[in-house]
Amino acid sequence: MIQYLAYLSIMTGIYGILSLSLNLQYGFTGLANFGHVAFFCLGAYTSTILVVLVKGPFILGLLGGMVAAGLFGFLISIPTANLKEDYWAIATLAAAEIVRLFFLNEDWIFGRGPYHGGAFGIGGIPRPLQSWFSATTYPFFYLCIVILCLVLTYFTVRFLTNSPFGRVLKAMREGDDLPLAMGKDVSKFRMKAMAFGGAMGGLAGSLVAHFWSFIDPYQFMPIETFVVWAMVVVGGKGNNIGALVGAVIIQFFYSSTLFLKDFIPIDAQVLASLRMVVIGVLIVLIMLFMKEGLIKEKKRIYQG
Amino acid sequence: MLKVIDVHKSFVGIKALDGVSLEVERGSITGLIGPNGSGKTTLFNVISGFLPKEAGEIYLKGERIDELPPNEVAGKGLCRTFQISQAPEKMTVLENMLLAPKDQMGEGLWNAFFRKKRIMHQERHNLEKALYLLSSVELIDLSNEYAGNLSGGQKKLLALGRILMADPEIILLDEPTAGVNPTLNKSLMRLIEDLRKGGKTFFFVEHNMKVISDICDKVYVLDFGRKIAEGTPGEIQQNEEVLEAYLSGSSREWSRKVGIDT
Ligand SMILES: Nc1ncnc2c1ncn2[C@@H]1O[C@H](COP(=O)(O)OP(=O)(O)OP(=O)(O)O)[C@@H](O)[C@H]1O
Ligand SMILES: [Mg+2]
């Protein structure tokens with residue numbers, strides 16, 4: 001049980017990072033990024049390539065995953081700079097699928113041997129410092145790494161959103177015209193928000209790859225983006241604590257099948273599909289009765 | 001200061017600007033009037049870079065600006081307000097004010113992380129200025145209110161305050177007094193005159209003829225996208241062509257509103 005709790009906490013922490021980074025992009029900047037999973041995927045694969053193929057250390061994988069995902073965020077904001085919100089959402093959704101399909105089809109990357117790549121996924125991804133711990137204590141060590149990353153992400157996002165930089169992002173959330181009239185180069189700010197949020201998503205991806213020690217393209221389906229969106233919307237967009245609370249709640253529902261299958265006599269397969277329904281219903285309820293999510297955005301007060 | 005030469009702009013089926021030429025002198029308060037739909041806002045949009053023109057040239061301080069994006073036009077010292085408030089509503093009045101200053105160090109990520117002290121200094125300076133300006137537009141009591149909770153008139157005041165935070169050389173105001181109560185209106189006009197004495201240039205759309213004749217040095221009149229008259233407020237009120245334009249049916253109400261006797 002306690003093992004399972006550690007597993008759940010690690011996954012919650014990793015999704016918490018995703019939720020915080022989407023909150024930076026959607027909650028604060030108003031970017032309808034429907035391709036958030038691309039960062040997650042790129043972080044996981046880049047880190048795996050750097051550690052498994054290049055034989056670099058874990059930390060190199062982590063940083064590499066962040067750089068790759070951040071770069072991707074930067075790159076997709078260039079051709080999409082002039083798209084309207086709805087088209088932008090579709091473009092990001094498509095971009096994420098392209099990333100996933102790339103790793104699905106380009107199986108040469110991982111060559112032969114124990115690592116198949118492509119649809120078979122890649123196994124045996126090393127876990128950092130695994131030999132120092134026993135199988136039962138290792139998850140707790142990994143949990144510490146995840147918590148450290150989560151805390152760093154939290155403070156970075158909080159710092160950014162409280163800075164004059166974040167003020168421009170917040171202004172852009174309600175349209176480009178006013179910030180443009182005030183001389184702000186909105187497309188540059190958008191790029192930075194995509195790059196920074198992307199790098200954080202990449203961090204989460206790297207963490208998940210080295211935790212599962214196996215990744216395949218099916219772990220990065222568009223539904224993952226939906227789950228992260230649910231976290232931000234339910235927890236409270238524009239509030240970083242809210243994004244974290246949302247991550248805890250949604251992750252709980254997401255994992256609850258494992259508890260419920262002992263109590264409710266439903267086929268596990270059906271239960272797994274039902275949890276998405278539950279999350280969907282939760283979003284609808286929030287949209288109807290608590291538009292701003294469980295924790296409202298905090299008003300920024302400046303003291304004169 | 002600002003020179004507009006033979007500018008054309010059309011929307012599907014309508015010539016919104018049909019060869020408009022005008023000039024706004026440095027340190028002047030210049031008015032722009034015309035019936036509804038005559039192209040005033042369109043002209044502001046074209047000047048400030050929000051809409052591409054189809055033909056013509058626009059110069060700011062002798063430099064061509066008609067190919068620049070709006071943020072660069074603003075960077076060159078020309079700022080505009082919007083006829084319909086664009087204030088970010090989920091930001092407080094003070095946040096709106098602090099957004100405006102140009103060249104804020106804290107807007108760069110590198111600086112945000114590594115030059116906290118200087119940014120804090122700049123923020124404090126801007127905050128003081130914001131509070132000062134908010135008291136001159138009488139919004140100080142609403143400093144920490146969300147902009148979305150302000151009335152239409154208050155949003156106009158906020159727009160003016162915010163633009164003063166940006167400190168441009170020339171300010172384009174699109175109907176700055178619409179919805180603002182008459183007493184406050186007077187103090188606004190005084191504020192504008194004071195700022196002009198301090199070297200600022202104003203170009204503004206206004207329907208209230210009293211305001212125009214009180215503070216404008218020069219007035220341009222648009223009708224159907226064409227400039228039909230220019231001159232001092234006194235000259236404009238006597239101008240035959242202006243009167244004629246306003247006599248045409250759709251404009252009658254407007255004529256009454258601005259106080260031209262038809
Ligand atoms: N984006 C647009 N698309 C199509 N037509 C437009 C657009 N903007 C303005 N127009 C049209 O161009 C003409 C000029 O409009 P404009 O807003 O410049 O008038 P205005 O003088 O500012 O009027 P008002 O006094 O009502 O503010 C109008 O006929 C208007 O319907
Ligand atoms: Mg107008």
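This section describes the cores, a helix, a metal site, selected residues and the cysteines of a predicted model.

In the largest nonpolar core, which comprises 139 residues, the members that touch the most others are Ile14(A), Phe40(A), Tyr142(A) and Leu207(A). For Phe40(A), contacts beyond four places in sequence are made with Ile14(A), Tyr15(A), Leu18(A), Gly201(A), Ala204(A), Gly205(A), Val208(A) and Phe220(A). A separate, second core holds 25 residues, among them Val7(B), Val24(B), Leu32(B) and Ile47(B). In soluble globular proteins, nonpolar side chains tend to be buried together.

Helix α11 of chain A covers residues 268–289. At 1.5 Å a residue, its 22 residues should span 32 Å, and the separation of 31 Å between its end C-alpha atoms agrees with this. The buried residues of α11(A) are Leu271(A), Met276(A), Ile279(A), Leu282(A), Ile283(A) and Ile286(A). Viewed down the helix axis, the buried residues of α11(A) fall within an arc of 155°, and they therefore line one face of the helix. An α-helix has 3.6 residues a turn, so residues three or four places apart point the same way. Exposed residues Gln269(A), Leu288(A) and Phe289(A) are carried on the face of α11(A) turned away from its buried side.

In chain B, the magnesium ion (ligand 2) is coordinated by OG1 of Thr41(B) and OE1 of Gln83(B), at 1.8 to 2.0 Å. These two residues are 42 residues apart and link distant parts of the chain: Thr41(B) belongs to helix α1 (residues 40–47), whereas Gln83(B) lies in the loop between β6 (78–80) and α3 (93–99). Thr41(B) is partly exposed, at 26% relative accessibility, and Gln83(B) is likewise partly exposed, with a relative accessible area of 33%.

Strand β7 of chain B (residues 170–174) contains Leu172(B), a buried residue with a relative accessible area of 0%. Apart from neighbours within four places in sequence, Leu172(B) is in contact with Phe44(B), Ile47(B), Leu78(B), Cys79(B), Arg80(B), Thr81(B), Ile163(B) and Phe203(B).

Thr177(B) is located in the loop between β7 and α7 (182–197) of chain B. The residue counts as buried, at 6% relative accessibility, and touches Asn185(B), Met189(B) and Glu206(B) when residues up to four places away are not counted. Between the C-alpha atoms of Thr177(B) and Asp66(B), 111 residues apart along the chain, the separation is 28 Å.

Helix α5 of chain B (residues 116–136) includes Asn126(B), which is buried with a relative accessible area of 7%. Beyond its neighbours within four places in sequence, Asn126(B) is in contact with Leu98(B), Pro101(B), Gln104(B) and Met165(B).

Over all chains, the structure holds zero disulfides. The cysteine sulfur nearest to that of Cys41(A) belongs to Cys149(A) and is 19 Å away; a disulfide would require a pair of sulfur atoms within 2.5 Å. Cys41(A) is buried, with a relative accessible area of 1%. Cys216(B) is also in no disulfide, the nearest cysteine sulfur being that of Cys79(B), 20 Å away. At 8% relative accessibility, Cys216(B) counts as buried.

Key. Residues are numbered from 1 along each chain as its sequence is written. Chains are lettered from A and ligands numbered from 1 in the order in which they are written. This is a predicted model: local features need pLDDT of at least 70, side-chain atom pairs count only at pLDDT 80 or more; totals for chains, interfaces and linings use all residues. Side-chain values use heavy atoms; hydrogens and water are left out. Buried means under 20% relative accessible area, exposed over 50%, partly exposed in between (1.4 Å probe, protein chains only). Donors are N, O and S atoms within 2.8 Å of the metal (3.2 Å for Na, K and Ca); water is not among the atoms, so sites may look incomplete. Helices (H or I, at least four residues) and strands (E, at least two) are DSSP runs, numbered from the N terminus. The expected span of a helix is 1.5 Å times one less than its number of residues. The arc is that of the directions from the helix axis to the C-beta atoms. A nonpolar core is a set of buried Ala, Val, Leu, Ile, Met, Phe, Trp, Tyr and Cys residues joined through side-chain atoms within 4.5 Å. Contact means heavy atoms within 4.5 Å.
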